[in-house]
Amino acid sequence: GGLNYNFSQKSNLFLNAGFINRQPLFDAVFRGFGNDIASDLKNERIESVELGYGFRSNAFKVNVNAYITKWDDRFVTRTFKNQGDDFTSQFPDVDVLHKGIEAEATYRPTGRTTIKGMVSIGDWRYTDDFSGKTYNENLELVGEETLYLKDVKVGNAAQFTAFIGIDQKVGDKLSFDLD
């Protein structure tokens, strides 16, 4: 849900909040590649809040917001090779905290030129260390592992992104853009 308050025809403040109770992925239900349903099966919980400000005029538009998202009870499965053999590790109850700020703007200095940009700065981190189990390619349990990830940044996700571009109309039916 969300709330919006317009200070004027040009300025507004907004607040969005959400809660998602998401069913776990299939790997979490039948752990260790067996036929038994996991006894400690939990839904993933995602809670998020965003606070932002917007400004709009004929030539300029901008939105700036800050967010925080807590994602608990994720189930993570990773496969890997070790000395040529295939292994799979499964980690229940992985918790992550996403925080950040974002801004996007559009400026139209003329009716034929539009300049646009965006920046997003995130701080996404694991909140704890996590234990799991590792299986070999024959689906046999070969060990229990701990991921020491407390306060480590989440990988495989850009935590800083930026974009700038310009669109230029040349005629009634022709335009160029560079991003």
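Is Lys-42 buried, partly exposed or exposed? Its relative accessibility is 39%, so Lys-42 counts as partly exposed. Keep in mind that this is a predicted model.

I will stay with Lys-42 for a moment. Its side chain meets that of Asp-73 in a salt bridge, with N to O at 3.7 Å. Asp-73 sits in strand β4, while Lys-42 is in the loop between α1 (26–29) and β3 (44–56), and 31 residues separate the two. Asp-73 is buried, because its relative accessible area is 9%, and the cut-off for buried is under 20%.

Lys-42 also forms a salt bridge with Asp-93, at 3.4 Å, N to O. Asp-93 belongs to strand β5, so this pair ties together parts 51 residues apart in sequence. With 28% relative accessibility, Asp-93 counts as partly exposed.

Next, another pair. Lys-153 and Asp-123 form a salt bridge, their closest N and O atoms being 3.7 Å apart. Lys-153 is in the loop between β8 (141–147) and β9 (160–169), and Asp-123 is in strand β6, so parts 30 residues apart are tied together. Lys-153 is partly exposed at 40%, and Asp-123 is partly exposed at 24%. Through shared partners, salt bridges join Lys-42, Arg-45, Lys-70, Asp-72, Asp-73 and Asp-93 into one network. The whole structure has ten salt bridges.

Now the nonpolar side. The largest nonpolar core has ten residues, among them Tyr-67, Val-94 and Trp-124. Strands β4, β5 and β6 each give two or more residues to this core, and β5 gives the largest share, three.

Last, His-98, which is in strand β5. At 14% relative accessibility, His-98 counts as buried. Its contacts include Tyr-67, Asp-123 and Trp-124.

Methods
Residues numbered from 1 in each chain as written. Predicted model: local features only at pLDDT ≥ 70, side-chain atom pairs only at ≥ 80, totals over all residues. Heavy atoms only, no water. Helix = DSSP H or I, 4+ residues; strand = E, 2+ residues; numbered from the N terminus. Buried < 20%, exposed > 50% of the residue type's maximum accessible area, 1.4 Å probe, protein only. Contact = heavy atoms within 4.5 Å. Core = buried A, V, L, I, M, F, W, Y, C linked by side-chain atoms within 4.5 Å. Salt bridge = Lys/Arg side-chain N within 4 Å of Asp/Glu carboxyl O. Lists of a residue's contacts leave out its neighbours within four places in sequence.
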